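Got your viewer open and ready to click? Let's take a walk through this one together, one selection at a time.

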2 protein chains.
Amino acid sequence: MRVVVPFAADQPKTRLGDVLAPAERRAFAHAMLTDVLRALREAGHDPEVLATTSLDVDAPTTVDDRPLSAAVNAVLDDGPAAVVMADLPLATAGTLTALFDADGEVVLAPGRGGGTNALVARHPEFRVDFHGTSYLDHRRNAEQVDASVETVDSFRLATDIDEPTDLVEVLIHGRGAARDWLLDAGIELVTASETGRVTARRL
Amino acid sequence: MRVVVPFAADQPKTRLGDVLAPAERRAFAHAMLTDVLRALREAGHDPEVLATTSLDVDAPTTVDDRPLSAAVNAVLDDGPAAVVMADLPLATAGTLTALFDADGEVVLAPGRGGGTNALVARHPEFRVDFHGTSYLDHRRNAEQVDASVETVDSFRLATDIDEPTDLVEVLIHGRGAARDWLLDAGIELVTASETGRVTARRL
């Protein structure tokens, strides 16, 4: 089965703009991609990158500048495939194996806010739509083509890194290139003594 | 093993104040507690509530008005126990069984932001501290008393409901009293057509 990691190479992670400059966002996004590719390889897969523009990465890369859903659906036109987002630096071989081992013709790993962070599509008619509450849309799309659906319950796969508060999760639970990148950039956990709430800040 | 569900009965869920009035927050917190107790029973346990003041709930209740960590540590003084937070309406029997079946002398289910949403403590010397990055503190506390640690990777257990954005998760992934309560209160998912971002709003 093809395993595809979509990657927006041109303007990644704009919502991290309060913490990271544009060049830093690109470097951090690349570090997260590295972590995802490594976890997929550790789980026994040969991932390929589906990028909006060409980029320097140690994996076979297809460039498709269409919007995410169209580019992924072009992959699904060719047969069964797994799609794993590039901003999941907490992913491990074990959590990804749970995704691939689940039984459904469509297997979904929900992200926070109604997103879909990873999926396996084994049904020939299932197609994706990543806009809005894609988790609900994907369930509905699967029902419409009579595909059985399984969901994978994983905090690691649910944690896509979009906003400054998400960096806390990378610093606490990450073990790879993305965490190292943050530490090298001087971004660390800060606990507010009164509330006990934790943020990730450049010291 | 005792299974304890701490519940702040007096002023629950203040961070939901922008969406819910005080009486509503109490009712919603109670609905979430109901969901957690039911999931624990479905998993074969006899949960008890550890409340800051007496309350009307269909479960044995211990009242302890000390701060959370002190009240939980008083339970741990009596022997092995599991602690499951009351604001986890996405918890299911399956996810809780994964928690109880894990091997460690200390088993932790991390919450977002470095929290600990559920734990099993089988080591006589392990004690809790829920302030700040309790997940990291609990790992450290376990190491200090030479207790083996396991972590449970669960989106459902990681999703404690504290803020308005969290209500989205209840509406999408919940199946019980908390979701019903929100729908009865007229709180529904709203998708911003341009960004595709989803919020929970009173219509």
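What covers the buried residues of α4(B)? Keep that in mind as we go. First, some ground rules: this is a predicted model, where local features need pLDDT of at least 70, side-chain atom pairs count only at pLDDT 80 or more, and totals for chains, interfaces and linings use all residues. Residues count from 1 along each chain as its sequence is written, chains are lettered from A and ligands numbered from 1 in the order in which they are written, and side-chain values use heavy atoms, with hydrogens and water left out.

Stop 1: Select residues 134–144 of chain B, which is helix α4. Helices (H or I, at least four residues) and strands (E, at least two) are DSSP runs, numbered from the N terminus. The buried residues of α4(B) are B:Ser134, B:Tyr135, B:Asp137, B:His138 and B:Ala142; buried means under 20% relative accessible area, exposed over 50%, partly exposed in between (1.4 Å probe, protein chains only). Look down the axis of α4(B): its buried residues fall within an arc of 160 degrees, so they line one face of the helix. That arc is taken from the directions from the helix axis to the C-beta atoms. On the face turned away, find the exposed B:Glu143 and B:Gln144.

Now for the answer: the cover includes α6 (167–173) of chain A, together with β5, β6 and β7 of chain B. Contact here means heavy atoms within 4.5 Å.

**Stop 2: the sheet.** Show the strands of chain B: seven of them form an open, mixed sheet in the order β3-β2-β1-β4-β6-β5-β7. Two strands pair if DSSP finds at least two bridges between them. At the edges stand β3 (61–63) and β7 (149–151) of chain B, each with a single partner strand, so one side of each has no neighbour in the sheet. Zoom in on β5 (residues 106–110) of chain B, which pairs with β7(B) in the parallel sense over three bridges.

How values were computed
Axes are lines fitted to C-alpha atoms, for helices over the stretch in contact, and angles run from 0 to 180 degrees between N-to-C directions.
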